[in-house]
Amino acid sequence: MSDLHFTDPYALAKYIKDAEKKTPVKAYVRGNFGGLSHDKIKIFGDYNSWVLIGDNQDIQEFLKKYPEKIEDLYIENDRRNSAVPLLDLTKIDARIEPGALIRNEAVIEKNAVVMMGAVINIGAVVGEETMIDMGAILGARATVGKRAHIGAGAVLAGVLEPPSANPVIIEDDVLIGANAVVLEGVRVGRGAVVAAGSVVTKDVPAMSVVAGSPAKIIKTKDEKTTSKTEFLDDLRG
């Protein structure tokens with residue numbers, strides 16, 4: 001990651017504008033490519049089977065030079081003119097399960113857990129020991145504190161424009177239930193519980209339990225609620 005100020009919408013927008021737009025592809029080639037090289041393309045293989053990895057334009061130009069060497073060709077890609085690559089997960093001290101999509105310039109802190117199908121956009125922050133469950137979406141600049149749980153299918157709305165809008169902030173020890181939606185500018189206080197399926201349009205005080213659409217306070221968190229919303233240490237770390 002760079003030294004980008006993650007919560008600054010102007011810095012994020014400029015980062016996206018200035019980023020080199022790329023269409024990365026893999027080309028699977030049957031043919032005789034032995035001895036060939038290119039400074040912008042990775043070439044792997046031997047004999048009659050080759051894989052070329054690089055930007056689409058570079059690979060297309062390279063292949064056009066050697067049509068006589070190509071017996072068959074298949075090109076695989078999953079994006080077009082992409083400005084923001086995915087985060088390098090090898091440098092993250094957290095548990096990231098297959099199928100999670102995390103864009104570069106998101107922050108994933110130590111011992112966080114990101115489950116299958118979760119989407120975490122640029123500028124979002126996931127605090128230490130926080131779990132982002134299956135299919136949850138963290139929009140741009142959404143911030144989640146330590147040891148929270150964002151339930152399956154929940155949405156924390158993102159904010160890049162208008163730049164004056166405040167991002168969603170989820171404080172420490174918060175539970176966001178499955179399929180809940182937290183709208184732009186909302187702050188959910190420490191230890192609060194948002195019931196499944198709720199739509200949160202206003203700030204939630206610490207240690208409150210809210211439910212409904214729009215979400216309303218239904219009680220203060222008590223021992224019974226705490227036992228029902230307990231987090232498991234064995235799932236973290």
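Tutor: A word on domains before we start: their bounds come from an automatic or database domain assignment. This is a predicted model, where local features need pLDDT of at least 70 and side-chain atom pairs count only at pLDDT 80 or more, while totals for chains, interfaces and linings use all residues. Residues are numbered from 1 along each chain as its sequence is written, and side-chain values use heavy atoms, with hydrogens and water left out.

Student: OK, which domains is the chain divided into?
Tutor: Domain 1 covers 24–77 and domain 2 covers 95–234. Their C-alpha centres lie 44 Å apart.

Student: Let's go to helix H2. Which of its residues are buried?
Tutor: H2 spans residues 56–65, and its buried residues are Asn56, Asp58, Ile59, Phe62 and Leu63. Buried means under 20% relative accessible area, exposed over 50%, and partly exposed in between, using a 1.4 Å probe and protein chains only. Helices here are DSSP runs of H or I with at least four residues, strands are E runs of at least two, and both are numbered from the N terminus.

Student: Why do those buried residues line one face?
Tutor: Seen down the axis of H2, they fall within an arc of 160°, so they line one face of the helix. That arc is taken from the directions from the helix axis to the C-beta atoms.

Student: And what's on the face turned away from the buried side?
Tutor: There you find the exposed residues Gln57, Lys64 and Lys65.

Student: What do the buried ones pack against?
Tutor: They pack against S1, strand S2 (42–46), S3 and strand S4 (70–77).

Student: Back to asparagine 56, why does it count as buried?
Tutor: Asparagine 56 counts as buried because its relative accessibility is 18%. Leaving aside neighbours within four places in sequence, asparagine 56 is in contact (heavy atoms within 4.5 Å) with Thr23, Val25 and Arg80.

Student: New topic! Where does valine 204 lie?
Tutor: Valine 204 is in the loop between strand S21 (199–200) and strand S22 (208–211). Valine 204 is buried too, with a relative accessible area of 6%.

Student: What is valine 204 in contact with?
Tutor: Apart from neighbours within four places in sequence, valine 204 contacts Arg187, Val188, Gly189, Ala192 and Val210.

Student: How far is valine 204 from valine 193?
Tutor: Their C-alpha atoms are separated by 8.9 Å, and the two residues are 11 residues apart along the chain.
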